[in-house]
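Please read them beside the sequence and the structure.

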Amino acid sequence: MNIQACIFDLDGVIVDTAKYHYRAWRKLANSLGFDFTETDNEQLKGVSRMESLDIILNIGKKTLDESKKQTLANQKNDWYLEYITMMTPNEILPGIVSFLDELKTQNMRIALGSASKNAVLTLEKVKLLDRFEIIIDGTKTTRSKPDPQVFLMGAADLGIAPKNCIVFEDATKGIEAAREAGMYAIGVGASNFTQAHAVIPSFEKINFDGIKALLKGTMI
Ligand code: BG6
Ligand code: MG
């Protein structure tokens, strides 16, 4: 094992924006006359905006044309932006800042691999933009997780081989994407990450040596 880079998902790993995505989608579902539960929301983690809308419309048994769908996606994003623009560094998830500090002192390369088109804005709001050498987000990818594209682009831009990268993800689709990319995959949070190499509840009580110890003996 020769880890040279860490690639982080954003929503649910760096910041707890999953709740804002959920609130905005639920408002949209309610405006269309049906409800959308937190359990339903699990299916949307890591999924692009338009694919998320398709899942929601399927739950509500609605069929709409493309232009109406675009209007709804824009409406959801406007509501989402109301939350995001209010964000401050207080919303960075526990342990993240010290973990990023530690990676820097160890000369690890650091990238972001997110499906979100709001990734740069979010990082600006929580004042973490300068911590990421490379940002691959929903404005650059053409395929959604579990496709490995987002992570492979990140590794390629860093100039690091996939087998020397660790991905941190809170979505099972993101874990699948990391595995498919040929990278180490760490599940962050409480989901049932059957495909992850290792799982951590958060970054609160673990440092980089602890992560490497968890990966010791695992195979890509
Ligand atoms: C992912 C989130 O990071 O980004 C998804 O987990 C979200 O829930 C996706 O749908 C796209 O985000 P955005 O900001 O481009 O609508
Ligand atoms: Mg996520």
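1. Where is the place of Pro-146? Pro-146 is in the loop between β3 (134-136) and α7 (149-158), where helices (H or I, at least four residues) and strands (E, at least two) are DSSP runs numbered from the N terminus. The peptide bond that joins Lys-145 to Pro-146 is cis, with an omega of about 20 degrees.

2. This is a predicted model, in which local features need pLDDT of at least 70 and side-chain atom pairs count only at pLDDT 80 or more, while totals for chains, interfaces and linings use all residues. Residues are numbered from 1 along each chain as its sequence is written, chains are lettered from A and ligands numbered from 1 in the order in which they are written, and side-chain values use heavy atoms, with hydrogens and water left out.

3. A further backbone point concerns Lys-61, which is not a glycine and yet has a positive phi of about 55 degrees; Lys-61 belongs to the loop between α3 and α4.

4. Around ligand 1 there are 14 residues, of which Asp-11, Arg-49, Ser-116, Lys-117 and Asn-118 come nearest, a residue being near if one of its heavy atoms lies within 4 Å. By class, this shell has three nonpolar, six polar and five charged residues, where Ala, Val, Leu, Ile, Met, Phe, Trp, Tyr, Cys and Pro count as nonpolar, Asp, Glu, Lys and Arg as charged, and the others, Gly among them, as polar.

5. Taken alone, ligand 1 exposes 390 Å², and the protein buries 97% of that (accessible areas by the Shrake-Rupley method with a 1.4 Å probe).

6. The largest pocket holds about 590 Å³ of space, a volume being the space filled by probe spheres set on grid points that are joined across faces, edges and corners. A pocket is, on a 1 Å grid over the protein atoms alone, an open set of points where a 1.4 Å probe fits, with protein on both sides within 12 Å along at least five of seven lines, and lining residues have an atom within 4 Å of a point. Of its 34 lining residues, Val-47, Ser-48, Arg-49, Ala-115 and Ser-116 are the closest to the centre of the largest pocket.

7. The second largest pocket has a volume of about 260 Å³. Its lining comprises nine nonpolar, four polar and three charged residues.
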